[in-house]
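Here's a quick walk through one protein model, with the sheets, helix packing and salt bridges taken in turn. Have a look at it before reading on.

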Amino acid sequence: MEFLLRKQYLDKLIFCINKDFIKIITGIRRCGKSKLLEQFYEYLKTEYSNKAKIIFINFDNLENEKLLDREELKKYIDKQINKQKKVFLLLDEIQNVKNFETLILHYYQSKNIDIYLTGSNSHMLSKQIASRFTGRDLQIKIWPFSFAEFYAFKKEKDKKLAFNDFINFGGMPGLISLNEEKAFQSNVKSIIDSILNRDLIPYFDIKNTALIEKLIKYVFSNIGNVFSALNIKNYFLTNRIYKTISTQTIEKYLNYLIDGYILLKCDRYDIKGKENLKTLYKFYVTDVGMKNSLIRQKINEGRGDNLENIVYLDLLRRHYCVNYGTFQYKDSFLKTTVIKEIDFVCQNPETTLYIQVCDDISKESVLNRELEPFKSIKDGRKILLNNSEINSMIDGVEIIEIKKWLLQNE
């Protein structure tokens, strides 16, 4: 099977060389963590083979079955270590070794050993890592393919066709070769089932498994909408899905789905007050193919939601702090307070972006609707991303074709 060199993540690992942390590659199941560690191993062999000892062990490989015993693993590593020489220790699927944490901390004390790990989410949830390694870890989070990676991998010259595939099937590296829809859906379901049954349910001792499955479907059906635990509770009660349920339980289960890398929470930002607000939030999914498969949408349904989700993911990949924005103003004609919303307020130390996302802005009324919220914003860079292949500038707002923006390196 052909693999794409994921340079942006490989560069992060290279940058982390000799940094005094246990480096841990994290991300949703099947997003390519093990393959990235293999690519890093190949880089180290090229650049450091004469200067360091490089130990790479994949614990899913039957040839390494003996090393699943922690004491045997220690003996194996100790035999290869030269205390006078730099050591790179790369351990793939480390969770297969029982009580691996104490062994990792043992080697961490040796300043000439540089440690890199991958493991299943059930053992590598961020909260678990924090408690096990108490600030000694550095997490490198990787995502499913961006559109730029998807386009490079598929080698489809027609960007429009490639983007339509990306909207519908997403960018999970292990799945994008599946051109048959039923096979794709079956594999996506398998990933979600694994996250629930092998990661979240046993670790958090979840009793109400039906609730967590219903929450996934509800959120996936309402991507980009404003949420609160209370309005989810009211939906379940009004539709007689549950006779009784608490907001605390809903909030707890939603946080489990965030911990399992299924959901991403987007908080609210007050544009005028320049502060984050704790009430109301939106959810996006780590890969749109998961959403499309699970809620059984027909091809090309929910395109607007998918586009918004795709943009949100790309902003996170570009290391922005991303919220959705709201502001209030008094409408003198209606004599009432009006609340307006911006899809994304994106901040980093250098700049602030205000972004609207719309599938089709070919109608003047739709274009004006999407431009309207920008009129009250006086700072930052304002961008309207669209799938109508329109590129222009109107009243200080950059109108950019979404495919073009996604293929840019920012």
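How many bridges join β2 to strand β3, and do they run parallel or antiparallel? Seven bridges join the two, β3 covers residues 86–92, and the strands run parallel. Keep in mind that this is a predicted model.

## The parallel sheet

That pair belongs to an open sheet of five strands, ordered β2-β3-β4-β1-β5, with parallel pairing. The edges are taken by β2 (52–58) and β5 (137–141); each has a single partner strand, so one side of each has no neighbour in the sheet. Going from one strand to the next, the twist averages 15°.

Back at the β2 and β3 pairing, which runs parallel through seven bridges, F56 sits opposite L90 in β3. Helix α2 (residues 33–48) packs on this sheet and touches β1 (22–26), β2, β3 and β4 (113–117). The direction of α2 makes about 160° with that of β3. Then there's helix α3 (residues 70–80), which lies across β2 and β3 and runs at about 155° to β2.

One of the pairings puts D270 with E275 of β8. The hairpin of β7 and β8 has four residues between the strands, and K274 takes a positive phi near 55° there.

## Where α7 meets α8

Two packed helices are described by the angle between their axes and the distance between the axes. For helix α7 (residues 147–154) and helix α8 (residues 159–169), the axes come within 10 Å and cross at roughly 115°. The crossing is right-handed.

As for who touches whom, α7 brings F147, F150 and Y151, while α8 brings K159, A162, F163, D165 and F166. Sorted by class, that contact has six nonpolar residues, two charged and no polar ones.

## Salt bridges

The salt-bridge count comes to 26. One of them joins D114 and K86, with the closest N and O atoms 4.0 Å apart. This pair links distant parts of the chain, since D114 is in strand β4 and K86 in strand β3, 28 residues apart. D114 counts as buried because its relative accessible area is 2%, and the cut-off is under 20%. K23 joins in as well: K23, K86 and D114 are linked in a network of salt bridges.

What about helix α14 (residues 303–317)? R303 and D359 meet through their side chains in a salt bridge, 3.5 Å from N to O. R303 lies in α14 and D359 in the loop between β11 (352–358) and α15 (364–371), so the pair ties together parts that are 56 residues apart in sequence. R303 is buried, at 15% relative accessible area, whereas D359 is partly exposed, at 24%.

Technical notes:
Residues numbered from 1 in each chain as written. Predicted model: local features only at pLDDT ≥ 70, side-chain atom pairs only at ≥ 80, totals over all residues. Heavy atoms only, no water. Axes fitted to C-alpha atoms, helices over the stretch in contact; angles between N-to-C directions. Left-handed = near helix turned anticlockwise from the far one by under 90°. Contact = heavy atoms within 4.5 Å. Nonpolar A, V, L, I, M, F, W, Y, C, P; charged D, E, K, R; others polar. Pairing = 2+ DSSP bridges. Buried < 20%, exposed > 50% of the residue type's maximum accessible area, 1.4 Å probe, protein only.
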